[in-house]
Amino acid sequence: MSNGASPQYDVVIVGAGVSGNLIAKQLGVAGKKVLILEAGLAVPDSREEYMNNFYLALAKTPESPYPALAGRKGSQANPAGELPDPATLPTPRATVLGLGQAPNKSYLVQAQPTGQNAPPDPKTGEIRGLQFSSTYERNGGGTSWHWLGTSLRELENDIQLYTKYGHGVDWPLTYTELQSLWALAEKEIGVAASVVQQEPLDVVGLEYPPGYQYPMGPIPTSIVDQTVSGGVSGLQVPGTLPDTPGGSDPTMYDVFVTPTPAGRNSEPYDDRRVCAGNTNCIPICPIQAKWDPTVTLGKALDTGNVTVSYQSVAYNVDVRGQSVTGIDYYVWSRDDQGNLQKVSKSVTAKIYVLACHAIENAKLLLLSNNQKGIANTSDQVGRNLMDHPLYLSWALTDQPIWGYRGPLATAGIESLRDGEFRKYRASFRMEIGNEGWNFAVGDPYTTARDFITGTNDSNLNDGGPNGKPVRLGGTALALKLNNLLTRQFRIACMFDQSPLADNRVTLDVDPNTGKPNHTDGLGIPRPKVEYGMDPYTMEGFRMAAFVCSAIYKQMGATEFTRTSVGATGDFTYRGQNYHYYGAGHVVGTHRMGNDPYTSVVDASQRSHDLPNMWVVGSGSFPTVCTANPTLTLMALAFKSADSIIAALK
Amino acid sequence: MTTNAPPSEATVQAFADMSAALTGFQSSFIRPFLDPVNLSGTFYEFAVAQVGQSMMDALMSAFATLSSQSPPISPQQIADSLLEVTSATPSNQAQLCQAIVSMWYLGSWYPPPFQTDGLQQVISSQAYTKSLVWNLAQAHPMGFSPFTFGYWSQAPASLETFGVNTGNGGGQ
Amino acid sequence: MKKIVTIIVLTLVAVTMIVMSAIPTTMATDNKPAIVLKSQIPGDAQFGPLPPNATNEQKLLAIQGDFDIYSWNTFIALNWPPGPDGNGDPNKTIGQYGDNDTVWEHYRDVSDIFLAGGKKPSWNGPVTVPTQCKASYKPGMRILSQVGKTPTVLTDFSQPFNTGPLIDQNGNYTRYEILVNKPMFDYILQNTLYSKAGQKVFSGTVKFPCGVLNGAEGAIMVKSSWKVISAADKNRFHTQTVLVYSPASQNPKYPASCSTKLMGLVGLHIGHKTNSGAQWLWSTFEHVDNAPTEADVANKKFKSQYNYYNPKCSGQNCTPNVVPPRPWNPTKVSTFHSQVVRMNMFKGNEFAFESAAARNSDALKLLLGVNQNSVWQNYELISTMWPTNTGQCMATPGDPLGTPAPNFLANTTLETYIQGMVPNVSSNCIECHNNATMTTPVPSDFTYILQRAQ
């Protein structure tokens, strides 16, 4: 809604997350005037409120510290812990507690458990109608408040999956360019690692420019890491299992452990403290030893050129011809009675940046132009939704390895991330967890309650007569729990899931009337998600299960991995049940590429269709690759910032 | 909400001693000589608010009887008795003891089955940051580490150092 | 099962310790501790007898009282007029002429310890005078350059969530400085901890020397906060005319500046490593006019003026304890004024209130007795944080933090924005300082100053 006057801002950015804050900072330093529209609440002055939310939360999910829009069970405001209806909230988002729920509790409108696993599609072999299990935040700082900190670089073959292995698509960037961009991101975040320690991974194509040094020395490995590392010594696994559809890769690959580069301080850096091993990276580091986007936002604000408008929800991108001409947004607030109020506003700028998360970016693009959608000549907006679906396995060692200590993860098995097998099945990395069975079964609570009350939710309390659970007290209880808790660990496998056109985000509207089936509290239509897995991905699960079991066997550990049948986040493949989690790595919904007919943005994340609009974030990833996405998405944001500054000249 | 007078020192001490027996921790760890956090007092008052004074009094009386046996019985025997560990249908009092163990271990109130209107809740942030199940893991509550950089590379201190009464003479 | 009952034995000489505690749990002396006007810095707290059959609260109150007496005695001795050797001059008395130069202001400023290039510092050497200050500098002048505990310029001091500057009601930034006493300085010098290179080769455990009652002084670090004042206010503050220096900054962008200003002391942190304080003892004092309490605000019981609060505040920026919006530029007068309220961080630890109030009352009488116009009457002890469970100059195994009392403590001028009661985040001297390391991640014995090494 331009009135012809020169816009007050050079750039308007939607979303104060990783990408938005980084781009704002770069622009601010370059003297450009920036407005960030952030849907959610402001970054608080201290993290007292967030930590207190976390301490008091019964379910310590990734969302548990953040603004209590999802009502903590047992909280004063919501003692019964009813999940609020997203239709009443100004900034509802996907939450762990909302998974598997109906739309009156789940923001994302998507599949719910039916108690049955859908059979595979006879033509494609895909299992459709699966739940998308990843979640995110909508507040100042965004989802990466609760990233783990893992800052791995992608592999050379990750970004040329199609050329090399005939699967997926290639990225429109060279590895050399990404290497320079990663260096910038590693400095911004403050990544602790040692190139020397990463050298064994040149077998999977991880290379650094000569002489490259990380900003800080590496984080020490944990006893869990050291034990696994010793335990897998000499272990090799084949590229594919017998009867893998499409072909086989009989090469034997070495299984070995390497420390994980991480965005957490191994020395005082950037006015922040050194890691004290609070073992709480997800959901929140109490001392900010782990970088989060508010650090970069602070620097953006320091430039004096960046303003943030909080509680500002963009709902329409205005377009005339091939140009974005403004963004319409609601500023929401609550009156004294707690009722939601909204005021509609517009803002214009020379350049517009959508940076509000892969799902929200897609939603906004599809909503705009009276729900006809914009920037979508390619028809790829919302499509190719990917995650790193996560296969979790867990085991009990026979000697103590002392989990629950140190950062949540300090090492992994990266040595299986590349090879010929990628023609036939999804690749994966393996994250060694330091938090015992916390992720796996909700320990130490579950096992403690098992032995206090005589239940067996952990599968560890079956030692009574006839395999019945026992109840213990006193020293006997203490020693039993000590014996069990100190021997727990888990491995998470994260898959390079295929981009599928039918894995997509759309608007949840009636196809005939265009009226939304479900809206949020501001009347904005909610995203509908359709998701499934193809045999390529599921074959990856089959391999991962095999490798995990082989590792535990070689270590002399007893495996306790379970899968439930027909529960949310399950599928059955080749007769085996697999439970999958979301890793929180949401990518693909506005993929980048050189061809405007098959991609939404170019290598700088600039829209093909609308040259004064950039759509940034992991939504631009053409494939999900094998590394956790945050480092790479920040690297891409540096490139975007440069291109925006060039376009403003 | 009733506002009772705070419990006497003797009452809190007795509750702490009983908690030590039930949880397997050293008494001096549960109720140190100087106790600025005073979880013993907090948990006592919380439990009374949940189940009523008379039920708590009955429990404390049962504990007093058990701990004044002659010849004395061990803390383990007291715990097993109060928790009725061999019973398939533990009494309300034993269920209350389970809830007390859970308060110390997990910082939370898990309503005993007889408390039909009970609400599962974390008692306070301090109850969480001082919860004891993490000591059984020889670790620390997630989100509260009193240790310093790199500690996770080394084996932890002994279970006794973490306050547990292992029955090997560490503490009492 | 019975807890071992501690028996209080009254003896004149011998002390019976049941546990190897640093706090004598059974000791009674014939000298009950008291606040005194003495220039001798206490090497440690002195403990009086515990009431017989004391409850937990009573014990805590009694020992808190001993530590608060220690804090006042330390405050008095540190603020004593110095003689030529830098120690308190026994021929003078604190406040006898209203205001006075102080012992602690002759301690070594950390900016003169951690020099560019890791150069070796000296106790008595010249002060580092920034270029911009050279014209106005007169020997003996102090240079205040810090604007926050996480100054945006000096990338060193770590706090959870950059706590931001404190801006007074006239738009001037509050300034900070950190100084250390000779024992602390000597330890740094002897172990070459004043440079990055020296810290890298240090292979031991950093352990500053412990003070002992009637013995060694032990390591002391002082952090002070200062406000720009007008000459009219001089008699209500301890004041100094200093050079206020702001180094040039890249982001936010502003040039270096230096100007002479009359500053009034508004806050004083004293950290002291002692036998009974293996995790150090943390005393904090504030100017009495800094801010109203929560209760004052609720009851609308206001003083006529505050250093950091406007009772008549109207409009947007009146929410208390809000961090000023970025960018922070200390070279300019700000349109944002910090509206500070002292929050109650002693819920459940009411003994801390009770003890501080009693000791403040005693100290005030003493100070006024010297001179009705003593500027020192305008300072009050907030509290002393001390470890309740610790060994003699070493932590008790299994309790690295020493279970501090009270559970939380903040100075409204130094921890303005974390005045809460959330563990691991709200201000707790020992919890936060436990995270302190050198430039390497080696623990630095509860001080952040070693991070400044270059």
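1. Basis. The model is predicted: local features need pLDDT of at least 70, side-chain atom pairs count only at pLDDT 80 or more, and totals for chains, interfaces and linings use all residues. Residues are numbered from 1 along each chain as its sequence is written, while chains are lettered from A and ligands numbered from 1 in the order in which they are written.

2. The core. The largest nonpolar core holds 341 residues. Such a core is a set of buried Ala, Val, Leu, Ile, Met, Phe, Trp, Tyr and Cys residues joined through C-beta atoms within 7 Å. Buried means 20 or more other C-beta atoms within 10 Å of the residue's own; exposed means 12 or fewer, and partly exposed lies in between, with C-beta atoms placed from the backbone. Val11(A), Ile13(A), Val14(A), Ile23(A), Val353(A) and Cys493(A) touch the most other members. Helix α12 (residues 535-555) of chain A gives the most to this core, eleven residues. Helices (H or I, at least four residues) and strands (E, at least two) are DSSP runs, numbered from the N terminus.

3. Val353(A). Which residues does Val353(A) contact, leaving aside neighbours within four places in sequence? They are Val11(A), Ile13(A), Val14(A), Gly20(A), Ile23(A), Trp614(A) and Val616(A). Contact means C-beta atoms, placed from the backbone, within 7 Å.

4. Chain A against chain B. Here 46 residues of chain A are in contact with 47 of chain B. On the chain A side, the elements giving two or more residues are α2 (48-56), α10 (445-453) and α11 (474-485). α11(A) gives the most, with nine residues. That side divides into 25 nonpolar, 17 polar and four charged residues. Ala, Val, Leu, Ile, Met, Phe, Trp, Tyr, Cys and Pro count as nonpolar, Asp, Glu, Lys and Arg as charged, and the others, Gly among them, as polar.

5. Chain C overall. Chain C has six helices and eleven strands. Of its 454 residues, 52% count as buried. Among chain C contacts with a separation of 6 or more, 67% join residues 24 or more positions apart.

6. Strand β7(C). Eleven of the eleven residues of β7 (residues 277-287) of chain C are buried, so this strand is largely enclosed by the rest of the structure.

7. Partners of β7(C). Strands pair if DSSP finds at least two bridges between them. β6 (residues 257-274) of chain C pairs with β7(C) in the antiparallel sense over seven bridges. A hairpin of two residues joins β6(C) to β7(C). Ile270(C) stands opposite Ser283(C). β7(C) also pairs antiparallel with β8 (residues 379-387) of chain C, over six bridges. There, Glu286(C) stands opposite Glu380(C).

Note on methods: Two residues are in contact if their C-beta atoms, placed from the backbone, lie within 7 Å.
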